Amino acid sequence: MFNDTSNIWHSRYPIKSSAFALQLLKLDGPLLLLISIACLLGVFVLFSASNESTEILMRQLIRIGVAFAALLVTAQIPTDLIRRISPWGYFFGLVLLSFVLFLGDIGQGAQRWLDIGIRFQPSEIMKLAVPMMVAWYLHERKLPPSGKHILNIFILILIPSILIAKQPDLGTSILVFTSGILIIFLAGIPFRYISVLSLLAIPGSLLLWEFMEDYQRQRVITLLNPDIDPLGAGYNIIQSKIAIGSGGLFGKGWTNGSQVQLEFLPEKSTDFIFAVIGEEFGLLGLLCILIIYILIIARSLYIASQAPDLYSKLLAGSISLTFFVYVFVNAAMVIGLIPIVGIPLPLISYGGTSMVTLMIGFGILMSINANQKLLST
Amino acid sequence: MSKNIHIKDHGKEKTLFLNRIFISSLVGLFLFIIIVIRLIQLQVFEYDTFSQKAQGNRINLRATLSPRGTIFDRNGNTLAENITAFELIITPEQVIDTEETMNNLLDLKLINPMQIDAIRKKIQKTQKFRSITLRSNLNDQEIARFAANRANFPGIDLQPKLIRHYPHKNYTSHVVGYVGSINKKDQTRLNQSFYNPNEKTGKTGTEYFKETILHGEPGYYQFIANARGREISLNENRKNNTFLENKPALPGVNIFLTIDLNLQILATDLLDERRGSVVAIDPNNGQVLALVSSPSFDPNIFNENLTTSKYNELQRNTDQPLFNRAVLGTYSPGSIIKPILGLAALQLGVTNLTQRHICKGHYSLPGNTHRYRDWLSSGHGSVNLHKAISQSCDVFFYEVGGRIGIDRMHDYLDQFGLGQKTNIELAGERTGLIPSTKWKKAMFSKKEDKNWFPGETVIASIGQGYMLATPLQLANATAALATRGNRFKPTLISAIENPINNEKIFNESQELTQIKIDSQSYWEEVISAMHNVMQGSGTAKNVGLGAPYKMAGKSGTVQVISVGQEEEYDRELIDERFQDHALFVAFAPLNNPEIAVAVIIENGNSGSRVAAPIAKSIMDEYLGY
């Protein structure tokens, strides 16, 4: 008996100390845990998707390490400072984007990269810079914003979105655009404006169609009828649906998915990794992943709702909801609900810059969370 | 612009924000539910469809070729078999430097410099893991040269491949035939699902005629393939692959021919590259013991990389080695038909065993001055049927033939199988021709040509004029004489053998309608006259004299009136080509015949002097003397 109670005391102590450490590092325990789980599962799936390549596995682990470091650093930055540098970040991003358009590297048929010692995509900066800028623009103004302000914000969002779409990188462009628009929504734009904007969306989409490259139009057509060209444009979506469908309830087992292992499934480590989970772990596996995402989003939205000031609220809300859009667009395109746009599955897909950007986003969330706790105590 | 001071209602803003977060969450949840519904649709309701599609994706079929049946002679000597040849292959993905490798192979003279460009193109078009054949049928030196340098050639390998081989070369080529690549004509004939485009198919002889049973049925095996069709070997412990189907190929049936290889070789050697043919038949069942067309060719050359010049050489050769004279060559039978006409005359009562005619060396139709000459210009004097056959007196048959008449002549020759296909197992057999008034009416378009003239009956009586027969038909008719009227369909197939359990099914002899001759004495009279030809006072008496067994024969020496079917020859050749064809038929032993032979030597001059000794040697060999 005596020994038992002493054990309880001893076991509690480390928990207390780790909670303290998290607070000291301005980290949110639940969010950090959920993100880590998602990343771990991602590594696990990636090993199978890359045909058991330890090289790819190591690279992804390094990226995750770098990304977590970025999260940790960002979390230490006071929200105030983040707010104050917001416009500078936005303009800096715009300058870089223009550079890319004129003298960028060409990677995979698109001009996205800027070679500055390390290769990186300035469009990634915009994923955060745009919501920061919009939140900054609104934070001292009265909510809901007036029509004039909404128009200004629209222009702020559209300029980088169009520049990115020109690269062409439709996926990122959509994410950047959405992250800004979401703030307008969160800022309480009246529903009558929303209905007007929705009506504008019709000519807007026609305009978008005009701006689209041939391959992008092809993707829309393919979504509507993949069997038009099953070995060409329709191949990806057909193989992806076969992979997921043939996974059934419980999947074929880790490293046993024939679509994945025999390379019928294209882009299986990156954009189509959701289909890998579907084939090897079945409906059950996908539901687990989706639940983890829902929990991440829920925790993020909770942080947003608790944020102490308007800038933090809007930015945290935008980051949370953009993350949702990320997940939704990737999952929906892989299962053939929307056309294929190059958006990876966040935290799981193999790839560098987007992982870092995501983690910086979460770092901002944690900074906001820490700021709120500081104020409330 | 003056800075506006906003009166901010923080409580209201907070509610508005929370409200918006709530709406977003609802919308988000709704969208997640749509995704889940879609997943349930794909993974639960459409699971079977997609599961099958995934299987179809990864399981590929590959055909396994069936080994072709072996062809044997009647005693089990191999006439056609499959042997292993080696081809040089390249697997591009394993090659470090393709250009260097090609140059090194060129230095070793293992590839043809003319084909380098074609090989390069092929390598570019084919997936890197698939092997490409660089050269086929390497000879021993080439194999040794490559083996010695193998270490320098990663990605280059020797691959065994079954090819057809004919160990007895030109001795059996016209009977066995040969195989060659499938052409458009073959495609329409063959069951395409049984053939790989690179396979070979029978082109002539037994290889052609018995293609369906020789070829066998290909099998297949299923294997796991990746998206590019590469075969993936699975770790058996981890991945269960017993569901893969494997249907082994059914090998082709082995065929035993009726041919006696020794006889075939002897006959070929006796013809000694002269244009001609020998056919020997067992009269008791119609089995063909030897079937030779000379000159012949080596069928193995069709397996090697036959250059067109080599083939053209065979095609252009005026001796026509590719032409199977035994069944495709048609010749005037000449005096060979005299025993048959003698039988007809006796049966019809237009002469009898003792009736005599005076032969003065020529014959004229009543009321006509045209003289039909006997081969012996001095004449045979007083001849009866027996002497007319043994001495081959033409005048006797001019006279008797006129009495029989062309149509009855046709009927009797027809009973012996002349003028009709024997339906032997060889393609393209010719019908030959036995004229009749009906035939002439149908054959000619001008009215004055449609009539049959008495003079045409005269020359038909000694087997000339329109009359044509193949060597096989003559041997077949001789076999019918030997058995005194029992006829069998000539056949080349002795038995077929199941290659798996070696069970043999023998080909039963097919008896044909017996020849109707009322009196046995008629047969014996004619046959004794034929015996006299070889072993008495007849035209070939020197040939059969002193033999330990009794034999019968009949010579024929046929004028080459017009040039043969298709050739157009050099002027220098004309003289030789206008010499008479030498024919001889024979059978032995006289009373229990075991073999009937027909020998034809084109432009051989004399049937009894040139063709008869060959017939006799063949009978000696077959009967064991």
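A crossing of two helices counts as left-handed if the near helix is turned anticlockwise from the far one by less than a right angle, and as right-handed if clockwise. By that rule, helix 5 of chain A crosses helix 13 of chain A in a right-handed way. The model is a predicted one, in which local features need pLDDT of at least 70 and side-chain atom pairs count only at pLDDT 80 or more, while totals for chains, interfaces and linings use all residues. Residues are numbered from 1 along each chain as its sequence is written, with chains lettered from A and ligands numbered from 1 in the order in which they are written.

Chain A comes first. Its secondary structure amounts to 14 helices and three strands; here helices (H or I, at least four residues) and strands (E, at least two) are DSSP runs, numbered from the N terminus. Of the 377 residues in chain A, 47% are buried, that is, they have 20 or more other C-beta atoms within 10 Å of their own, with C-beta atoms placed from the backbone. Two residues are in contact if their C-beta atoms, placed the same way, lie within 7 Å. Among the contacts in chain A with a separation of 6 or more, 72% link residues 24 or more positions apart.

Back to the helix pair in chain A. The axes of helix 5 (residues 122–139) and helix 13 come within 8 Å and cross at roughly 150 degrees; axes are lines fitted to C-alpha atoms, for helices over the stretch in contact, and angles run from 0 to 180 degrees between N-to-C directions. The two helices are therefore roughly antiparallel, a label for angles over 145 degrees, whereas those under 35 count as roughly parallel. Helix 5 of chain A brings residues including A:Pro131, A:Met132 and A:Trp136 to this contact, and helix 13 of chain A brings A:Leu310, A:Tyr311 and A:Leu314 among them. The contact residues split into 10 nonpolar, two polar and no charged, where Ala, Val, Leu, Ile, Met, Phe, Trp, Tyr, Cys and Pro count as nonpolar, Asp, Glu, Lys and Arg as charged, and the others, Gly among them, as polar.

Between the chains, 41 residues of chain A touch 35 residues of chain B. Helices 7, 10, 11, 12 and 13 of chain A each give two or more residues to that side, with helix 12 supplying the largest share, 10 residues. By type, the chain A side holds 24 nonpolar, 12 polar and five charged residues. Helix 13 of chain A packs against helix 1 (residues 10–45) of chain B at about 10 degrees, with the axes 11 Å apart, so the pair is roughly parallel. A:Phe324 and A:Phe328 are among the residues of helix 13 of chain A that make the contact, and B:Phe17 and B:Ile21 are among those of helix 1 of chain B.

Chain B has sheets to look at. Five strands form an open antiparallel sheet in the order 12-11-23-22-21, strands being paired if DSSP finds at least two bridges between them. Its edge strands are strand 12 (287–294) and strand 21 (552–558), and the twist averages 5 degrees from one strand to the next. Strands 22 and 23 of chain B are joined by seven bridges, and B:Phe584 stands opposite B:Val599.

Key:
Angles under 35 degrees count as roughly parallel, over 145 as roughly antiparallel, 65 to 115 as roughly perpendicular and the rest as oblique. A residue is buried if 20 or more other C-beta atoms lie within 10 Å of its own, exposed if 12 or fewer, and partly exposed in between; C-beta atoms are placed from the backbone.
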